[in-house]
Amino acid sequence: MGTGRNYALDKNFDPAAEEPKWREYWREHDIYHFDPLDKSRKTYSIDTPPPYPSGDFHVGNALNWCYIDFVARYKRMKGFNVHFPQGWDCHGLPTEVRVEQTFKIRKNDLPPEQFVEMCRKLTGEYIAKMKQSMNLLGISSDWALEYKTMDPSYYKLTQLSFIELFKSGHLYRGEHPVNWCPRDETAIAEAEVVYQERKGTLHYMRFGHANEHIEIASTRPELLSACVGIAVHPKDEKYKLVVGKTIAVPIFGQQARVISDDEVDPRYGTGAVMICTFGDKTDVRWQAKYHLPVIKALTENGRLSVDDPRFKGLKAEEARRKIVAELQASGLLTKTEPITQNIGTCWRCQTPVEIIARPQWFMKTRDLTQKVVEWAGKLDWIPSFSKQRLIDWAESLDWDWVVSRQRIFATPIPVWYCTKCESTIIPNEESLPVDPRKDKSPGEECPRCGNRELRGETDVLDTWMDSSITAAVHAGWPNKSELFNRLFPADLQPNGLDIVRTWDYYLLVRSLALFGRPPYKTLLINGMVKGTDGRMMHKSYGNYVVADEAIKKVGADALRQWAAAGGSTGYDIPFRWNELEHGKKFLTKLWNVTRFVLANTTEPLRLKKPSTLSLIDRWLLASLQELIQKVSEAFETFQFNTALEAIRNFTWHALADDYLEAVKHRLQTGRELSDLTATQYCLREAVLTICKLLAPICPHISEAVYQQFPSEATKSVHLESWPEHEKALDDTSIRNGRFLLDLIAHARREKSSKGLSLGSNIKRIIVSTEAEHLHLLKENEETILRTLKADYMDLERLPLNSNQVGESSAGFVVEIIAK
Ligand SMILES: [Zn+2]
Ligand SMILES: [Zn+2]
């Protein structure tokens, strides 16, 4: 790395000029490179989240990536060979929907290849944008390890994992009801259903005939055509006599059997509810439990599928209006009332989710629930409460994970079917990747029945099937070499609280099925970011800030400080511009302190520790040791706010306010050389140590300052070793130095309260204190006199139990006598 690069510090700190320079320096020197051959250092592997390439990198993303980068940089300095890849989770609905919106088309308007190509192109553009934002933020990922889930080299591994799970019996195909988005025309997983409060209408409808009828209230009269049963509570006296009978459904006329079940809430509506296939999850349970018939209510695009020309093909809402009008006209609608409902909607397009049964692929996730819960309990969770999120989620799942999707831009499901016996035919692993939508089947004929007509699967995989093997893919799977064992399980799994139930869950469940062990060791969970208005940051709220905008205003290091200081790890944090300004102010302070130190440094090389040091010097060095200890502990436990606050406090107060003020006089010309070297030594030690401790959080300024102090082997501060603190802290120096500095600070306040400027000379300072401190003050008389510009100091011993000491918690009383 050489010593040549020594930039002088400009008079004013300007992140816009400074930061790009250092990013270029890091890039040139390739300093974040993971070396797979280097076994002398322990590896530290990070399963970085692969974001959806949406083009947006907002301050919420910045928070997530800052946490990752703090750890990566810290671990590198701690001597680890850090594996910090960055990938992109390309497939799935978001991009398809964007393509549909951008080009005003629907997925089926074009041949699939053409549609996929448009998605790939758009994805590429978004990736470029987000990559630029990550770089602006100073994220130290190793771009040599970049991957995209849409690349054949990646999705062939998704397909391989599918085949392995199919062979081991963890996957099956079946016709079970699943959550369905009628707008996107695809199955979606339970994790993709978002519950929203919406207003609806409860319709009271009369079922049956004039002589025998019951009233049923429902918000979804459009499902009448698929009503296959009626449920009442077993203890509901009103309905005792009708249980077991069949009753005619209005308008459509089919007979529905009345069953009694404990799950019915007798207080809802009339206490009798209709069972439709399928209105909700309860309908799914009852249909199976009571062996009721299945009438398909809706088509895959959310239209009524009933064979009745009045309603067939109508969208659910239109059908509802028309059926309600019909009921009203026939006198079968007895009343309506408004109701607030909690409706499941598609996470992507907010369309109310339907439940539709058609053949799908499932992973047997429920079988793994107990293992998931067991392992979740054994892993390290930061913060620990996030663990419960995963456990509660896993235990709440009552359906298996539907892994097939009826979309286009995704990993093809690598199977063919025999058109005669419906056997599933899988390709050889060597032939992956495959696309059964266009590729020829692996064999000529069905191995079971010899039929020569084979049909390729047209469904594709849930995008979480791609991203739930990242940890293994980073480690080089399916090659289970020595490197695999070094990188898997990942040491760190860092992500937002919002994807614990998706990404963390799917990774865990898949890894347990594929490898019999979890894919990660420690989960570092970040909270969400609240906008300046106090609400969660969201595009539609207008409180959304993109990272680039913040960086442009205050610089990356200031934004990174906000991420570190905004709150405890795992908790939601507010976005506040003044917090970013505060960060920038701190950097300016550090910049100015450095400039002062440089201006008072006679020769550029680093100095050796002088053999004798004054109390104030020993105090600074001991406090620095204490700081190292505090910051190291904070990084070890991922408490970035604690680390940053300690560094900022030390720089601002201990170094700039206390030490610098107390030693300024020593730097003046004509002073003793030993004093000068001691001061210079201590100042450099402080500045260089601050740089190292601050490097994970503020990489740019740390580098800029560090490079001002060249030595024989100057390299990037990010390649330096993390400072180690001495085992035993010099508590005596910390205590005595503090006493001395407090006394000086107090005397300065006294001076100004007497209307004297800090620079003015005074005649005398009288200090009264307890006997134990007298010696200490005598020894440091020169420092006291010079700092306060006093001619004499008188020391007085305070009597024990003196009132005066009682008044001063600091243990001294100071009097200033002006000239
Ligand atoms: Zn949708
Ligand atoms: Zn066959």
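This is a predicted model: local features need pLDDT of at least 70, side-chain atom pairs count only at pLDDT 80 or more; totals for chains, interfaces and linings use all residues.
1. The donors are the SG atoms of C181, C346 and C349 together with an OD atom of D184, and they coordinate the ion at 2.0 to 2.3 Å.

2. Along the sequence, the donor residues of the zinc ion (ligand 1) follow the pattern C-x2-D-x161-C-x2-C.

3. The zinc ion (ligand 2) is coordinated through the SG atoms of C418, C421, C446 and C449, at 2.2 to 2.3 Å. The angles subtended by the four donor atoms run from 102 to 118 degrees, so this arrangement is tetrahedral. The spacing of the donors of the zinc ion (ligand 2) along the chain is C-x2-C-x24-C-x2-C. Within this set, C418 and C449 form a pair that links distant parts of the chain, 31 residues apart. C418 belongs to strand β18 (residues 416-418), whereas C449 is placed in the loop between β19 (424-425) and β20 (454-456).

4. **Accessibility at the second site.** Is C418 buried or exposed? With a relative accessible area of 0%, C418 is buried. C449 has a relative accessible area of 36% and is therefore partly exposed.

5. **The surroundings of E190.** E190 is located in the loop between β6 (186-188) and β7 (193-208). Its relative accessible area is 16%, so E190 is classed as buried. Which side chain makes a polar contact with that of E190? The partner is K281, and the contact between the two side chains is 2.3 Å. Leaving aside residues up to four places away in sequence, E190 touches N179, K281, W393, L397, D398 and W399.

6. **Cis peptide bonds.** Two cis peptide bonds deserve a remark. The bond from T277 to F278 is cis, with omega near 0 degrees. F278 is situated in the loop between β12 (272-276) and α6 (281-289). The bond from F488 to P489 is also cis, with omega near -5 degrees. P489 is found in the loop between α12 (482-487) and β22 (490-496).

7. I251, a residue other than glycine, has a positive phi near 65 degrees. I251 sits in the loop between β10 (246-248) and β11 (255-260), and its relative accessibility of 22% makes it partly exposed. K789 is not a glycine either, and its phi is positive at about 55 degrees. The loop that holds K789 runs between α23 (781-788) and β27 (790-797). At a relative accessible area of 36%, K789 counts as partly exposed.

8. **The largest pocket.** How much space lies in the largest pocket? The value is about 2100 Å³. The lining consists of 48 residues, and those nearest the centre of the pocket are H58, W347, R348, D498 and H538. Several elements each supply at least two residues of this lining: α2 (59-77), α3 (93-103), α4 (112-136), β7, α10 (463-467) and α13 (500-515). Which element gives the largest share of the lining? That element is α2, with four residues.

9. **L110, between α3 and α4.** The loop between α3 and α4 contains L110, and both of these helices are among the elements that supply at least two residues to the lining of the largest pocket. L110 is partly exposed, since its relative accessibility is 21%. Residues up to four places away in sequence being set aside, L110 touches I105, F115 and M118.

Conventions. Residues are numbered from 1 along each chain as its sequence is written. Chains are lettered from A and ligands numbered from 1 in the order in which they are written. Side-chain values use heavy atoms; hydrogens and water are left out. Donors are N, O and S atoms within 2.8 Å of the metal (3.2 Å for Na, K and Ca); water is not among the atoms, so sites may look incomplete. Buried means under 20% relative accessible area, exposed over 50%, partly exposed in between (1.4 Å probe, protein chains only). A polar contact is a pair of N or O atoms within 3.5 Å; within protein, one must be able to donate a hydrogen and the other to accept it, and residues adjacent in sequence count only if both atoms are side-chain atoms. Contact means heavy atoms within 4.5 Å. On a 1 Å grid over the protein atoms alone, a cavity is a set of points where a 1.4 Å probe fits but cannot get out, and a pocket is an open set with protein on both sides within 12 Å along at least five of seven lines; lining residues have an atom within 4 Å of a point. Grid points are joined across faces, edges and corners, and a volume is the space filled by probe spheres set on the points. Four donors count as tetrahedral if all angles lie between 85 and 135 degrees; four count as square planar and six as octahedral if opposite donors are over 155 degrees apart and all others between 65 and 115; anything else is irregular.
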